[in-house]
Amino acid sequence: MFFVPPSAKPKNSASAIPVRAGSSEVVVASCEAAQGKPEATISWITTIAGRYNHTSVPERDGTVTVKSEYRMIPTPAENGKEITCVVNQRTQTEPRAFPLKLVVEYPPTVTIEGYDYNWYMGRTDAVLTCQADANPAPTEVTWKVSSGQLPPSVRVDHYRLLVRKVDETVNTTFVCEVKNSLGSGKKELAATVIGENSNAGMTHALLIQTVNTLLSSSTAS
């Protein structure tokens, strides 16, 4: 014979479940209120689009275990976003809140920054930076050029590519490739060497920025 308690405080727990980015709905967080009496209620607080389900399992001692799972289609944008599980039950002096951060894993997305369209002959301060958004963190970064070997005037410092002196050999397409445990991503940048220091390069950069801003505004409207 089992003793049936008049009431019992639940054993609460919650966790974020690491998932890979994809197009299918998966469980990204789980919350449980075990062996409570009366039965606990679980709710979720988040701005993330998704849905949740509850299951209640009666225990042999008269208590109830409640479990809730939050489901969504995971994308890289959701990685690190906050979600909170809240457990309410009569024996608790106040609701128990469990703040969690989602863990969405994805291969690298790569961009190259620093090119200002003003690589003139003899310039000595040109720098390109390879930016990678990835989870898990990148494990390998490789710089190369589409034509073969890196020019002799170029030095690689992990994420940075340093052009010690601009000459005709850097008139090429640079490629940065980044890898993590899930895969790889790469980005190309075509550099153009001009004859002398000129405002034309900066004007070109400002023109491209203006066009991109106008296109973004048009899409948003």
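Guide: Gladly! Let us start with one term: two strands pair if DSSP finds at least two bridges between them. Keep in mind that this is a predicted model.

Visitor: What makes β4 and β7 a pair?

Guide: Five bridges join β4 to β7 (residues 82–88). The definition asks for at least two, so the two strands count as paired. They run antiparallel, and the bridge partner of T41 in β7 is N88.

Visitor: Which strands are at the edges of that sheet, and what makes them edge strands?

Guide: The open sheet has three strands in the order β4-β7-β8, with antiparallel pairing. Its edge strands are β4 (41–45) and β8 (96–101), since each pairs on one side only. From one strand to the next, the twist averages 20 degrees.

Visitor: How do you know that β12 and β15 pair?

Guide: Count the bridges again: six of them join β12 to β15 (residues 173–180). The requirement is at least two, so this too is a pair. These strands are antiparallel, and V141 has V178 as its bridge partner in β15.

Visitor: Which residues of β12 are on its covered face, and which on the uncovered one?

Guide: In β12 (residues 140–145), V141, W143 and V145 form the covered face, while E140, T142 and K144 form the uncovered one. In a regular strand the side chains alternate between the two faces of the sheet.

Visitor: Why is S153 called buried?

Guide: The relative accessible area of S153 is 10%.

Visitor: Which residues does S153 touch?

Guide: Leaving aside residues up to four places away in sequence, S153 touches L162, V163, R164, K165, D167, T169 and V170.

Visitor: What makes the approach of S153 to K165 a polar contact?

Guide: A polar atom of the S153 side chain lies 3.4 Å from the backbone oxygen of K165. The cut-off is 3.5 Å, so the distance falls within it.

Visitor: And how many helices and strands are there in the protein?

Guide: The protein has one helix and 17 strands. Of its 221 residues, 33% count as buried. Among contacts between residues at least 6 apart in sequence, 63% join residues at least 24 apart.

Notes: Residues numbered from 1 in each chain as written. Predicted model: local features only at pLDDT ≥ 70, side-chain atom pairs only at ≥ 80, totals over all residues. Heavy atoms only, no water. Buried < 20%, exposed > 50% of the residue type's maximum accessible area, 1.4 Å probe, protein only. Helix = DSSP H or I, 4+ residues; strand = E, 2+ residues; numbered from the N terminus. Contact = heavy atoms within 4.5 Å. Axes fitted to C-alpha atoms, helices over the stretch in contact; angles between N-to-C directions. Polar contact = N/O pair within 3.5 Å; in protein donor to acceptor, adjacent residues only side chain to side chain.
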